Number of protein chains: 2
Amino acid sequence: MEYAVRGPLVIRASEIEKELQEGVKKPFKEVIKANIGDCHAMGQVPITFIRQVLALVAYPELMDDPRFPSDVKSRARDILDGCKGGSVGSYSDSPGIELIRRHVAQYIEKRDGIHSNFSDVILCAGASEGIKSILKMLIKDIDGKRPGVMIPIPQYPLYSAALAEFNMEQIGYYLNEEQHWALDICELERAITEAKKICSPRAIVIINPGNPTGQVLTRKNIEDIIKFAHKEKLFIFADEVYQDNVYAEGSKFYSFKKVLSEMGLPYSAMELASFMSCSKGYMGECGLRGGYSEVINMDPDVKAMLFKSISAMLCPTVLGQTVMDCIANPPQPGEPSYEKYKEEKSAVLKSLAERAKMVADTFNSIEGMSCNPVQGAMYAFPQMKLPQKAIEKAKSLGQCPSVFYAFQLLENTGICIVPGAGFGQKPGTYHFRTTILPQPAKLKSMLQTLKDFHIKFMQEYK
Amino acid sequence: MEYAVRGPLVIRASEIEKELQEGVKKPFKEVIKANIGDCHAMGQVPITFIRQVLALVAYPELMDDPRFPSDVKSRARDILDGCKGGSVGSYSDSPGIELIRRHVAQYIEKRDGIHSNFSDVILCAGASEGIKSILKMLIKDIDGKRPGVMIPIPQYPLYSAALAEFNMEQIGYYLNEEQHWALDICELERAITEAKKICSPRAIVIINPGNPTGQVLTRKNIEDIIKFAHKEKLFIFADEVYQDNVYAEGSKFYSFKKVLSEMGLPYSAMELASFMSCSKGYMGECGLRGGYSEVINMDPDVKAMLFKSISAMLCPTVLGQTVMDCIANPPQPGEPSYEKYKEEKSAVLKSLAERAKMVADTFNSIEGMSCNPVQGAMYAFPQMKLPQKAIEKAKSLGQCPSVFYAFQLLENTGICIVPGAGFGQKPGTYHFRTTILPQPAKLKSMLQTLKDFHIKFMQEYK
């Protein structure tokens, strides 16, 4: 089990930070952690509305404070009314506070124009928890064969880690780098045909917008994936935590649920789970651990087992649930918090869009590097043509070349990115993932440093 | 997998609540949920200091508000300084914020008079998460035999649920009801000898103070258990989440770590994990999901794997970590919050002690019922001598007699308790668990109602 986003490179980055503090001389002054989608750590400012509601539910004595707007107070009061004993310190039901689940269902309904049932919504402490709890439901062998789950390559390492933990087969399908990291149905066919020799494919994971690849799938691509999943009787895991992070002109987020529902029968009866988080989007509240799963058309026995299984963990954090409520039920036009909320939200998303463009443009301006446009999410995943000498040097050290590159970059510049090997990449290709999260000025100088390093590296090993 | 504390009885209780709201006539006006240790839900008031710190870290704009004492502000500032980007919305390290881990280590050191290393402390979202993450490390078969874990009967159902999930063998040992639910070494010997025929015993779980049984183990008993565990090379899981909840005169909480350390070698080198939670004690912040594990003498490879495994879940909620910090580092004499904090804390614990006595005394005043003193924790686990006719009636319904009794109690009085079958009990004995958490007046009337019901029930089936 490996978890690259927090792997050896990140551990080394923290060591270097300590060395810098202790006065060790380095060719740089600070470590820039571009390895993880941790918005607030990189200077993104919290949304005031969310934090005000949190303060009030945590300490209701503030309810009479005039500096809190009336809509914040009414949201906080509603949440406290939904808590047993009127306290966020009491356990909620295991799938979350009913009121918040209803708000989430309304949010989904508004997003998709498709009915959503609150009893299909399960709140969780971040999407990772939700994904694992549902993946676990597929753990049973079928006809003596291990269950398999199709996941994209490159993928977010939560999936490979969870499948390893649950002893399930990982069926990698390559995303099509030449086609903006779209899903290629021929490649899905290839992957599943091969996998059927050794396992029983049960589910397919799609990350849209993509992590680490930053693509936003077209509606047509989603339709094709749904048809494929239907043919193969696969449970669809739609990891849609970046649904608010869509930047590129012409790109639009379509939820798998919306597309599948609008395709009508037999597709609209397929089993699907969609995941959302408080950690990404415009809010970036990673540390508060909020999220939800919406599970539709699930076999009733399995659903009952799922609810039983989550009950052993008691409940997701009620303050994380509170954040989810703020996202599902934000200030409305006419309410006192609305203008500020709208302003803060658009400022974050506008700046992220600019940074998305800046990152891809810079990488494409570097010789031997190419990068798909960052249509959405928070990452770029450029490809590098590494010289043979660098590849040999890496191999002599027992390292994958992308890992060797990433360590060199870190030691020489303080920039911490994640090597492509941590997500998976086509054999013979070399990538890395960087977030687009450093604030604009810092991002600009980071990209310049990276460019200079890259040129030097290429010369050294040419 | 069953999870009695949130099982069918509790689901029925919620249905009855809805029926009451809809105006259905019942022989009672409200459902009393004495099934779960959910303090705030039963009217316990949060500790002001904790909630003030929470409000400040969530919404630092309040930092200039004169209604917050200076020690609250300095705690909040320290925590924010420990957060990346100064925001609780950023991910912490997977084992938690270093500052808070250091405070926890100091808290343990002060409690035990034994050194504690912050790198042994792992913060988690409630003790359940910590327990499961460490239990998972023992999952590997040994010499072709499944690993087994000794757990008390009666036990807290988290353990049986987790062992079932991990496909590990549950080795039940009976607590000695005649000896205040102490652990009987002969019984441990019997249980492990039998278990060795089918599995490879790896660990022993001890819940002290006991849940559902309310005992506080003597130091002598703890020493004997440690010797037994040493002889059998067992990893010790010390579930010590009720360490603040000790009521009975003469009872005192000794941590397993303290006793084992003071026993010296070879015992002081044994592998042990101890668990603590924000959900119990005097704070009762169940919904905020805070807790810690302290893991000592763990095999370094296993420890490395443990840290890797928790990293895939990113981090425990930073606001839950904040609560843990408040508990580990409470107001000190001379600080502005001290008097109020001390007052609130003692009031909760004093009232719980009175209720512990009231509950056990009442049960012992009922013919055919007997109850050990509630020395600690938050529960009583009385034994009932059920008449043969009731036992037969239950069996004719396919129910365990304790479950039949609990359903009858619920339908006739609205009181929701958990049948002994949910925790395990010696064959032929019948128990239930009730919390001592309803506020004093309500608890008194609940006990009277329960007594009346019991007398009627006994007459009906005599």
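## How the two copies meet

The copies meet through the same surface, because 100% of the interface residues of chain A are also interface residues in chain B. In this predicted model, local features need pLDDT of at least 70 and side-chain atom pairs count only at pLDDT 80 or more, while totals for chains, interfaces and linings use all residues; side-chain values use heavy atoms, with hydrogens and water left out. Residues are numbered from 1 along each chain as its sequence is written, and chains are lettered from A, with ligands numbered from 1, in the order in which they are written.

## The interface in numbers

Contact here means heavy atoms within 4.5 Å. On that basis, 63 residues of chain A touch 63 residues of chain B. The two chains bury about 5,000 Å² between them, and 58% of that lies on carbon and sulfur atoms. Buried area is the accessible area (1.4 Å probe) that two parts lose on being put together, summed over both.

Between chain A and chain B, 25 residue pairs are in polar contact, both residues being at pLDDT 80 or more. A polar contact is a pair of N or O atoms within 3.5 Å; within protein, one must be able to donate a hydrogen and the other to accept it, and residues adjacent in sequence count only if both atoms are side-chain atoms. By class, the side of chain A that touches chain B has 26 nonpolar, 17 polar and 20 charged residues. Ala, Val, Leu, Ile, Met, Phe, Trp, Tyr, Cys and Pro count as nonpolar, Asp, Glu, Lys and Arg as charged, and the others, Gly among them, as polar.

## Salt bridges

A salt bridge is a side-chain nitrogen of Lys or Arg within 4 Å of a carboxyl oxygen of Asp or Glu.

Inside chain A, Lys303(A) pairs with Asp120(A) at 2.6 Å, N to O. This pair links distant parts of the chain, 183 residues apart: Lys303(A) sits in helix α10, and Asp120(A) in the loop between α4 (98-112) and β2 (121-124). Helices (H or I, at least four residues) and strands (E, at least two) are DSSP runs, numbered from the N terminus.

Most residues other than glycine have a negative phi, and most peptide bonds are trans. Asp143(A) is not a glycine, yet its phi is positive, about 50°. Asp143(A) lies in the loop between α5 and β3 (147-153) of chain A.

Asn208(A) and Pro209(A) are joined by a cis peptide bond, with omega about -10°. Pro209(A) belongs to the loop between β5 (200-207) and α8 (219-231) of chain A. In chain B, a cis peptide bond joins Asn211(B) and Pro212(B), with omega about 10°.
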